Amino acid sequence: MITRGSIAIRLSLTLGLCAAVFWLGAVGISGYVIKHELGESFNQTMRQSALRLLPLAMHEFEDLIYEGEYEGEEARFISGLTEQGSNLDYFVTNRSGKILIFTGSDFPNQSNISIAPGFSTLNGAPAFALRDEKSGFGILVVERAGLREEFLRESLKAMLLPLAALFPILVALAYFVVRAAMNPVWKLGRVIAKRHGRNLEPLDIGPQPRELAPIAREVENLLERLKSALQAERAFAAESAHELRTPIAGALAQVQVLRNALDKNPNQIFAIQAEEALQNLSALSENLLQLSRLEAGFAVSPMAEDLCPIIDLVLGEHEFASNKGRIILNGGPQALKAHIVPDAFAIVLRNLLRNAFLYGDGDDKITIAYGVNWLSVSNDCAALDPALLEKLTQRFVRGNETIHGSGLGLSITSGIIEDCGGTLICASPIAGQHRGFEAKFKLP
Amino acid sequence: MRVLLIEDDHILGSAIRSHVAQQGHGVDWVKRLDEARDAMATMTYGLLLLDLGLPDGRGLDFLKTLRARRDNTPVIITTAQDQVAVRIEGLNAGADDYLVKPFNLDELTARLAAVSRRFDAVADPAVQIGEVSVDLGRRIVRAAQKEVDLTSREWAVLDSLVRNQGTLVSKAQLEDSLYAFGAEIESNAVEVFVSRLRKKLGKTLIVTTRGLGYKVPAA
């Protein structure tokens with residue numbers, strides 16, 4: 001199965017990103033509100049400044065006019081305030097719009113200025129003009145260009161900077177919280193992962209969080225149903241074997257009686273051929289039944305089985321007992337034990353022995369060797385073609401076309417061994433020799 | 001030897017009966033366990049061929065009951081159940097051998113001979129009685145080095161006598177081994193077959209003890 005990224009990491013990143021997006025949204029809205037409020041506040045400042053400064057300027061200029069000192073004078077320039085951080089410049093004008101006094105960093109390039117009272121812009125800078133209709137004096141307060149944007153930028157920066165620091169902290173925090181919250185999920189996952197063909201026991205993991213309880217319950221139900229289905233399939237396969245064997249046995253026995261009755265009769269050959277056909281049918285149906293049992297997953301045992309008595313049992317069967325002189329049994333000091341059901345092991349051993357008897361040369365010995373968790377059956381024969389050796393465990397592949405085998409024995413054996421978590425290795429020639437064939441398997 | 005065949009499949013049962021009879025054994029064939037119980041209540045059998053799945057019960061339960069009442073009649077289980085556990089259960093229940101269907105009738109013959117030999121404690125299947133050699137396992141009899149053909153009923157009488165070599169076998173016992181062949185037998189059937197055996201194998205092979213029975217001399 002392809003594993004995708006961790007849910008905890010994805011969830012924490014998503015949570016972090018969502019928080020960041022909301023934060024940015026909040027900053028955007030705040031920026032909009034701040035911009036509006038700053039505009040109002042700065043406008044109010046300009047207006048209040050104009051309202052305070054114009055009477056003072058009028059008072060100053062009225063005194064000068066009255067004392068005859070003002071006529072024809074150049075406009076007075078009050079410099080340096082801007083350099084001290086002043087953000088507002090103002091111009092005081094007379095009725096004709098002539099600039100009487102002004103502040104700022106530089107002289108204005110015009111001597112007259114005419115702006116309608118109220119808020120407006122002057123060279124892109126916000127401005128507020130106020131005029132005293134009676135005296136004709138006016139004042140124009142001009143705010144430094146870009147001041148409001150600068151304030152807005154600073155405010156936004158102040159709101160955004162914490163996000164940069166908070167984002168990784170938020171993600172890390174979310175990660176640890178999610179991890180802690182997902183512990184029951186991981187525990188459930190680990191328990192489910194332990195279930196397999198050999199272990200279909202109930203989960204038995206105690207009370208689960210509300211979100212996981214239905215999953216755990218359904219998995220348990222599924223395991224139960226799977227167990228029942230497998231048992232039913234195995235029982236069906238075993239039952240089918242029983243139902244099929246009896247009629248074949250009857251037909252075979254009848255033909256053998258007929259063959260004996262036709263002793264020395266020329267027609268006996270037909271009975272012999274019928275018997276041979278039935279023997280082949282019997283062997284083939286047996287192999288097909290084994291295949292169906294294999295498909296039903298009957299091979300794996302939940303507990304380690306002692307297989308030595310099964311070796312004795314199989315060797316005691318007529319088929320092998322009548323050739324006992326050809327079989328050499330080399331058992332290790334310890335019993336052969338593995339998670340394989342005795343019937344499956346018996347099938348494996350029978351198939352390996354039949355294979356050795358079928359393809360072994362003449363009356364040469366067949367060796368069964370075994371250790372704690374492995375078994376091998378070897379026989380003497382000419383070394384096999386490596387290409388054929390590779391295909392031997394495939395269905396309907398025979399080592400020698402002149403020999404009548406079903407071509408299923410090694411395939412079934414290999415399937416059973418693989419089901420039990422082991423591997424069947426076929427070697428020819430046998431390691432360290434120039435001839436022979438060895439089938440060896442090791443089980444976990 | 002008289003054999004009780006307990007098998008519910010008609011085709012298989014008839015073939016086994018025919019084959020075993022051909023080997024010179026008397027065969028009674030029943031298809032149910034209650035019939036088997038009745039048969040065993042009235043007759044002593046030399047061997048039982050027992051199927052496990054029968055219409056009125058499990059063959060294994062029948063075997064266990066048999067052994068529980070200390071009946072040591074040899075039993076060969078013939079069944080389609082090849083599971084190791086069933087086989088072990090069968091052997092543990094007291095079966096002397098176990099044959100999984102389908103099997104060769106020759107294999108059945110060999111098992112039958114081996115089990116009955118084991119039961120009779122006859123170590124050597126080929127018994128030498130004077131100039132006559134009898135191989136009970138392979139059903140071969142030679143007189144003066146020449147193989148002699150015997151009919152099934154002649155074999156049944158000879159088998160019964162050789163298995164009890166040196167011991168007197170009553171006429172009733174010999175009749176039992178002949179009854180199993182199904183046909184009615186005459187009151188002098190035993191005398192007829194003993195006479196035929198003497199003709200084929202020599203007059204000294206079977207000794208008559210008047211009013212008691214017959215025996216072949218101990219080696």
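# A tour through chains A and B

Begin by selecting Ala80(B), which is buried, with a relative accessible area of 1%. The model on the screen is a predicted one, and every stop below should be read with that in mind. Ala80(B) sits in the loop of chain B that runs between strand S6 (75-79) and helix H4 (84-92). If you display its surroundings and leave out residues up to four places away in sequence, the residues that Ala80(B) touches are His242(A), Arg245(A), Thr246(A) and Lys101(B). Its burial follows from the cut-off, because buried means under 20% relative accessible area, and the value for Ala80(B) is 1%.

From there, move to Pro102(B), whose C-alpha lies 7.2 Å from that of Ala80(B), although the two residues are 22 apart in sequence. Pro102(B) belongs to the loop between strand S7 (97-100) and H5 of chain B. Select Lys101(B) together with Pro102(B) and inspect the peptide bond that leads from the lysine to the proline: this bond is cis, with omega near -5 degrees.

Pro429(A) is placed in the loop between strand S12 (423-427) and strand S13 (437-442) of chain A.

Next, turn to phi. With a relative accessible area of 49%, Ala144(B) is partly exposed. In chain A, select Asn123(A), in the loop between strand S4 (118-122) and strand S5 (125-131); here too phi is positive, near 50 degrees, in a residue other than glycine. Asn123(A) counts as exposed, because its relative accessibility is 77%. As background to these two stops, most residues other than glycine have a negative phi.

Now show the second largest pocket, which has a volume of about 640 Å³. Its lining consists of 18 residues, and those nearest the centre are Asp263(A), Gln22(B), Arg139(B), Asp149(B) and Leu150(B). To see which elements of chain B contribute, colour helix H1 (10-22), helix H5 (105-120) and strand S10 (140-143), each of which supplies at least two residues of the lining.

With chain B still in view, step back to the whole chain, which has 8 helices and 13 strands. Of its 219 residues, 53% are buried, and the chain exposes about 9,800 Å², of which carbon and sulfur atoms supply 48%. When contacts in chain B between residues at least 6 apart in sequence are considered, 58% of them join residues at least 24 apart.

For the last stop, return to chain A and select Ile7(A), Leu11(A) and Leu15(A), which form a nonpolar patch on the surface, with about 260 Å² of accessible area together. Leu11(A) is part of helix H1 (residues 7-66) of chain A. Is Leu11(A) buried, partly exposed or exposed? Leu11(A) counts as partly exposed, because its relative accessibility is 40%.

Key
Residues numbered from 1 in each chain as written. Chains lettered and ligands numbered in written order. Predicted model: local features only at pLDDT ≥ 70, side-chain atom pairs only at ≥ 80, totals over all residues. Heavy atoms only, no water. Patch = residues over 30% accessible without salt bridge, like charges linked within 9 Å, V, L, I, M, F, W, Y side chains within 5 Å. Areas by Shrake-Rupley, 256 points an atom, 1.4 Å probe, with all protein chains shown as cover. Salt bridge = Lys/Arg side-chain N within 4 Å of Asp/Glu carboxyl O. Helix = DSSP H or I, 4+ residues; strand = E, 2+ residues; numbered from the N terminus. Buried < 20%, exposed > 50% of the residue type's maximum accessible area, 1.4 Å probe, protein only. Contact = heavy atoms within 4.5 Å. 1 Å grid on protein atoms, 1.4 Å probe; cavity = no way out; pocket = protein on both sides within 12 Å on 5 of 7 lines; lining within 4 Å. Points joined across faces, edges and corners; volume = space filled by probe spheres on them.
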